[in-house]
Amino acid sequence: SEQEEYKTRNQILEQRATLADITASFAHEVRNPINNISTGLQLLAVNLSKDDPTQENISRLRNDCDRLADLVKSGLSFVRPVEYKPEPVDLGRVITNLMDRWRNRLARTQVKYNPQIEANIPQVEGDLRALEQVFTNLIDNAIQAMEPAGGILTINVRHIGEADERSHVEVNILDNGPGIPPEAKEHIFEPFYTTKSSGTGLGLAIVKRIVTAHKGSIHVSSIPGGTMFRVRIPCM
């Protein structure tokens with residue numbers, strides 16, 4: 001019944017609020033010990049010779065500390081309420097600027113970049129930093145999917161004008177990596193779900209939350225030999 005659905009929705013909201021409080025408290029208690037351990041390992045490494053066999057173990061432990069710190073940061077960014085600062089954003093320019101930053105990594109990983117950006121694309125209204133986070137995450141995932149053999153990263157940015165709907169700017173990010181397994185595809189936007197041994201499982205969940213907050217949509221299609229993420233953000 002409608003009353004039962006209302007009750008269920010309230011319970012879900014209460015559970016999410018409780019989860020947010022627990023996560024914030026946990027992160028606060030864990031962050032300082034992680035920083036202390038990392039600092040101690042750094043000092044230990046400085047006081048040992050570079051040829052000391054212990055350096056390898058120290059390096060591995062420091063990497064584990066960094067990974068834990070990233071996990072805590074990602075967890076906080078997912079459960080905390082976010083206040084976006086809307087402004088006019090040129091998504092074509094966002095992609096161009098991001099790819100300038102990735103130029104060196106593309107060269108190292110033998111990934112070729114194929115830009116397809118329409119001219120005079122309308123601006124969208126959104127939070128610039130949040131939208132940069134969306135495409136940084138998606139581009140990073142695409143490059144990782146093609147490492148270490150290399151491949152082709154294609155990013156298509158275009159204006160979609162619908163006669164009976166609000167027009168959108170559409171960004172398609174395509175890679176020719178191995179693709180996403182069918183059993184994983186339906187879960188990739190869920191929090192803490194990951195197929196990577198070093199992943200937090202929050203990257204795509206945060207991406208979806210940002211896109212949804214901008215009244216946009218995100219869709220993934222994948223086959224063996226390639227994956228495409230399609231993001232649509234309404235024009236101003």
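**Close-up views of a predicted model**

**View 1. Glutamate 170 and arginine 158 form a salt bridge, with N and O 2.9 Å apart.** A salt bridge here is a side-chain nitrogen of Lys or Arg within 4 Å of a carboxyl oxygen of Asp or Glu. Glutamate 170 belongs to strand E5 and arginine 158 to strand E4, 12 residues apart. Helices (H or I, at least four residues) and strands (E, at least two) are DSSP runs, numbered from the N terminus. This is a predicted model, in which local features need pLDDT of at least 70, side-chain atom pairs count only at pLDDT 80 or more, and totals for chains, interfaces and linings use all residues. Residues are numbered from 1 along each chain as its sequence is written, and side-chain values use heavy atoms, leaving out hydrogens and water.

**View 2. Glutamate 170 also meets arginine 232 in a salt bridge (2.6 Å, N to O).** This pair links strand E5, which holds glutamate 170, with strand E7, which holds arginine 232, across 62 residues. Through shared partners, salt bridges join Arg158, Glu170, Arg230 and Arg232 into one network. Glutamate 170 counts as buried because its relative accessibility is 0%. Arginine 158, at 31%, counts as partly exposed, and so does arginine 232, at 25%. Buried means under 20% relative accessible area, exposed over 50%, and partly exposed in between (1.4 Å probe, protein chains only).

**View 3. Arginine 105 and aspartate 140 form a salt bridge, their closest N and O atoms lying 2.6 Å apart.** Arginine 105 is in helix H4 (residues 103–108) and aspartate 140 in helix H5, so the pair ties together parts 35 residues apart in sequence. Both arginine 105 and aspartate 140 are buried.

**View 4. The largest nonpolar core has 39 residues.** A nonpolar core is a set of buried Ala, Val, Leu, Ile, Met, Phe, Trp, Tyr and Cys residues joined through side-chain atoms within 4.5 Å. Leu91, Phe135, Leu138, Ile139, Leu153, Ile155 and Ile173 touch the most other members. Among the elements that give two or more residues to this core are helix H3 (91–101), helix H5 (128–146), strand E4 (151–160) and strand E5 (168–175). Helix H5 gives the most, with nine residues.

**View 5. Isoleucine 139 touches Leu98, Met99, Trp102, Leu153, Ile155 and Ile173.** Residues up to four places away in sequence are not counted. Contact means heavy atoms within 4.5 Å.
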